Amino acid sequence: MSVLERVRFKTIPGTNQAAFLKAAEATSTWAKQQPGFMYRTLVKDGDHWEDLVYWDNEANAKAAGEAFMSAPENAELGAMIAPDTVVMSHLPQMHEAYAKGY
């Protein structure tokens, strides 16, 4: 069963949004190489960000989450995130629907 990894966080005050999004590109490159990766989107809600990543199963999602911070490609992004604001959850996908053509 596929899983949505939802990571809600704030960036460190004064973080440049363009630099943050550039660093996010490097983490996407890394994520695409992880077993079970399906899709990622990064959204912003006020001063909170949500990193939403779909994985093919919970084991792959958790393995990638554990490896994330130790991967050099992710260091720049990780340094911009306020650690005390991070909330991560893994949610099983219960239903899906696609637009025509996807």
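## Basis of the model

Because the model is predicted, local features need pLDDT of at least 70 and side-chain atom pairs count only at pLDDT 80 or more, whereas totals for chains, interfaces and linings use all residues. Residues are numbered from 1 along each chain as its sequence is written, and side-chain values use heavy atoms, with hydrogens and water left out.

## The largest pocket

Rolling a probe the size of a water molecule over the atoms shows where empty space is left. On a 1 Å grid over the protein atoms alone, a pocket is an open set of points where a 1.4 Å probe fits, with protein on both sides within 12 Å along at least five of seven lines, and its lining residues have an atom within 4 Å of a point. The volume is the space filled by probe spheres set on the points, which are joined across faces, edges and corners.

The largest pocket has a volume of about 400 Å³. Of its 22 lining residues, Val-7, Asp-51, Phe-68, Met-69 and Met-88 are the closest to the centre. Helix H1 (17-32) is one of the elements that supply at least two lining residues, and with four residues H1 gives the largest share; helices (H or I, at least four residues) and strands (E, at least two) are DSSP runs, numbered from the N terminus. By class, the lining has 16 nonpolar, three polar and three charged residues, where Ala, Val, Leu, Ile, Met, Phe, Trp, Tyr, Cys and Pro count as nonpolar, Asp, Glu, Lys and Arg as charged, and the others, Gly among them, as polar.

## The second largest pocket

The second largest pocket holds about 200 Å³ of space. Among the residues that line this pocket are Met-38, Tyr-54, His-95 and Tyr-98, and its lining divides into five nonpolar, two polar and one charged.

Asp-51 lies in strand S3, and its relative accessibility is 10%, so Asp-51 counts as buried (under 20% relative accessible area, with exposed over 50% and partly exposed in between, for a 1.4 Å probe and protein chains only). The side chains of Asp-51 and Arg-40 are joined by a polar contact of 2.8 Å, that is, a pair of N or O atoms within 3.5 Å, of which, within protein, one must be able to donate a hydrogen and the other to accept it, while residues adjacent in sequence count only if both atoms are side-chain atoms.

Gly-36 lies in the loop between H1 and S2 and, at 17% relative accessibility, also counts as buried. Leaving aside neighbours within four places in sequence, Gly-36 is in contact (heavy atoms within 4.5 Å) with Tyr-54, Trp-55, Asp-56 and Asn-60.
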